[in-house]
Amino acid sequence: MARQRITTIYPRDVRALRALGSCGHLTAEQLREAGLRDKRIASYQKDGLIERVHFSRPGARDQVCYRTTAHGRDFISEHLSMRPYVAQSP
């Protein structure tokens, strides 16, 4: 079994996970505004809580977003006692 990287939930994690649970998709800039560093975002990805997706619209630039996975939604509902939103697109 792989080593879990997220073992302690800090207030900045609560802010970021609440935002992800409420919206479903966030950009890296929005996660940084919630207080996360790039290394913590990478740890979320390695633990399987979020995944990186590319979103594009005709006539617009490609946008990189992060969305919660099924494991991430379970994690949010278990640790934050909230029902996360499942978004289909950013």
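Buried here means under 20% relative accessible area, exposed means over 50%, and partly exposed lies in between (1.4 Å probe, protein chains only). Welcome to the tour. This is a predicted model, in which local features need pLDDT of at least 70 and side-chain atom pairs count only at pLDDT 80 or more, while totals for chains, interfaces and linings use all residues. Residues are numbered from 1 along each chain as its sequence is written, and side-chain values use heavy atoms, with hydrogens and water left out.

**Stop 1: helix H3**

Select residues 38-47, which make up helix H3. Helices (H or I, at least four residues) and strands (E, at least two) are DSSP runs, numbered from the N terminus. Now colour Arg 40, Ile 41, Ser 43, Tyr 44 and Asp 47, the buried residues of H3. They sit on the same side of H3, because they cover an arc of only 155° around the axis; the arc is that of the directions from the helix axis to the C-beta atoms. Look at the face turned away from that buried side, and you will find the exposed Lys 39 and Lys 46.

What covers the buried residues? Among the elements in contact (heavy atoms within 4.5 Å) are helices H1 (11-23), H2 (28-33) and H4 (70-80), along with strands E2 (50-55) and E3 (63-68).

**Stop 2**

Next, show the three strands of the open antiparallel sheet, in the order E1-E3-E2. Its edge strands are E1 (25-27) and E2, each pairing on one side only. Two strands pair if DSSP finds at least two bridges between them; E2 and E3 have six, in the antiparallel sense.

Leaving aside residues up to four places away in sequence, Thr 68 touches Leu 20, Gly 24, Leu 49, Ile 50, Arg 73 and Ile 76.

**Stop 3: the core**

A nonpolar core is a set of buried Ala, Val, Leu, Ile, Met, Phe, Trp, Tyr and Cys residues joined through side-chain atoms within 4.5 Å. The largest one has 18 residues, and those with the most contacts inside it include Leu 17, Ile 41, Tyr 44 and Ile 50. H1, H2, H3 and H4 each supply at least two residues of this core.
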